[in-house]
Amino acid sequence: MLFLFVILTSLAVGFLVMPIIIKVLWRAKIGDQPGGRKIHKKFVPSMGGIGFFVAASAAMAIWGWQFPLPDIRYLLGAIGLMFIVGLRDDLVELKASRKLLGQLVAVAMVVVMGDIRIRDLHGFLGIGELHLFVSYGFSAFVLLALTNAFNLIDGLDGLAGSTGLVVSGLLGAWFAFQGLESYAVLSFSFFGGILGFLIFNWHPAKIFMGDTGSLTLGFTLGALVVAFMESNAALPEGASWRFSPVFSSGIALMIYPLYDMARVFTRRIRRGQGPMTPDKSHVHHFLMRMGLKHNQVALILVFVQILIVGSVILMKDLSDHIVLPVISAITLGLGFRLDQIAVKYVKKKVSKEPNILSNGKNSNGSKKGNQKSKVSIKDFENTPINYN
């Protein structure tokens, strides 16, 4: 019941403060204008992360005092620092180097000072306990990857919020069941805050999350995933809801952000671009080009995420050597099938609408002719996205 009150408090605060934030941002004209990589049609305030950060902070302040919060004090401080980094970037854009520096300081607070880190690979790939500095480095890399992977999926109404809602809810329930109250109250505080934010972020969005929200939420979820992996590994054999595939269970919780990041980075590098070069090649862009609506895309991707997590739950007594290849095969198979459907879709569109490709040429630079047999994924990425 107490955790229910945590959720309700955070939800209530988020629901009440979000309209105020929207109004203030509208007056200050702080937000995203349409055009370029943006697929919305009118000005929309960003920095919605302020709302769920305030909501989560309020819930923590009201209900968290009765739990041993000192064990996560560095995590709480690091979340605050990441919030400031995102806020600064939304108000006045930070250089990539300075943004990364701020993230590294927050990561160091969690990994080194808070000692929330991956200590052991538990025999995965034949590796056991990690040397202290190897553990620091590997944990920092994982936490940075999870943070920025989540930041990259924040490009569609309701998508990042829905993903965060699922992850925070699952982690909160697991932490509460295992008696890890400080982590549980933190997870549920963000769960309620995100729920309040989604009321205003669901399509058509009245406010976006912004880096203020995506960096803060991605970092928080990343740190909680690492804490879950280590807490899970520390449970004795046979304990209730202990997952033998330690790394697979953590990866499954963030499988969509990680897959999307790997996908777009690979595509950009193959084209000779930098991995951080912005474009419209994310999975949600592909699905929208196929005529799906914002709500449909968000629900489909969240359903896939839940499906992967469910498969890990069914295989919770197996090892990482079995589970990780299985969920990797499922994810890559779905991605490959998406590409097949995308090519088939654009072939059909081209046959009906000769000018569907924005540059009037095929990907090899030739004039359109026998396009049905020559159309490619690159052609698909050049087709327009309908905001619906």
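**Exercise 1. Is phenylalanine 5 buried, partly exposed or exposed?**

Ground rules come before the solution. This is a predicted model, in which local features need pLDDT of at least 70, side-chain atom pairs count only at pLDDT 80 or more, and totals for chains, interfaces and linings use all residues. Residues are numbered from 1 along each chain as its sequence is written, and side-chain values use heavy atoms, with hydrogens and water left out.

Solution. 
- Take the cut-offs: buried is under 20% relative accessible area, exposed is over 50%, and partly exposed lies in between (1.4 Å probe, protein chains only).
- The relative accessibility of phenylalanine 5 is 40%, so phenylalanine 5 is partly exposed.
- Tryptophan 63 has 22%, so tryptophan 63 is partly exposed as well.

**Exercise 2. Classify the aromatic pairs of phenylalanine 5 and of tryptophan 241.**

Solution. 
- Rings of Phe, Tyr and Trp (its six-membered ring) pair if their centres lie within 6.5 Å; planes under 30 degrees apart are stacked, over 60 edge-to-face, the rest tilted.
- This rule gives 13 aromatic pairs.
- Phenylalanine 5 and tryptophan 63 are 5.7 Å apart centre to centre, with 20° between the planes: stacked.
- This pair links distant parts of the chain, 58 residues apart: phenylalanine 5 is in helix 1 (residues 2-28) and tryptophan 63 in helix 2 (residues 49-63). Helices here are DSSP runs (H or I, at least four residues), as are strands (E, at least two), numbered from the N terminus.
- Tryptophan 241 and phenylalanine 243 are 6.1 Å apart centre to centre, with 40° between the planes: tilted.
- Tryptophan 241 has a relative accessible area of 39%, so tryptophan 241 is partly exposed. Phenylalanine 243 has 7%, so phenylalanine 243 is buried.

**Exercise 3. Which lysine lies over the face of tryptophan 241?**

Solution. 
- Apply the test: NZ of Lys or CZ of Arg within 6 Å of the ring centre and within 35 degrees of the ring normal.
- Lysine 316 lies over tryptophan 241, at 5.8 Å from the ring centre.
- Lysine 29 lies over the face of phenylalanine 43, at 5.0 Å from the ring centre.

**Exercise 4. Describe the largest nonpolar core.**

Solution. 
- Such a core is a set of buried Ala, Val, Leu, Ile, Met, Phe, Trp, Tyr and Cys residues joined through side-chain atoms within 4.5 Å.
- The largest has 98 residues, and Leu75, Phe175 and Phe219 have the most contacts inside it.
- Helix 8 (residues 210-234) gives the largest share, 12 residues.
- Now list contacts (heavy atoms within 4.5 Å). Beyond neighbours within four places in sequence, phenylalanine 219 touches residues including Ala78, Ile79, Met82 and Leu143.
- Across the protein, 53% of the 388 residues count as buried.

**Exercise 5. Locate phenylalanine 286.**

Solution. 
- Phenylalanine 286 sits in helix 11 (residues 283-289). The protein has 15 helices and two strands.
- Its relative accessibility is 0%, so phenylalanine 286 is buried.
- Its C-alpha atom is separated by 9.9 Å from that of isoleucine 341, 55 residues apart along the chain.

**Exercise 6. Where is confidence lowest and where highest?**

Solution. 
- The protein averages 86, and 87% of the residues score at least 70.
- Helix 14 (residues 371-374) is lowest, at a mean of 51; helix 6 (residues 159-177) is highest, at 96.
- Residues 358-364 have pLDDT below 50, yet this stretch has 17 contacts in the model beyond near neighbours in sequence.

Definitions and conventions:
pLDDT = per-residue confidence, 0-100.
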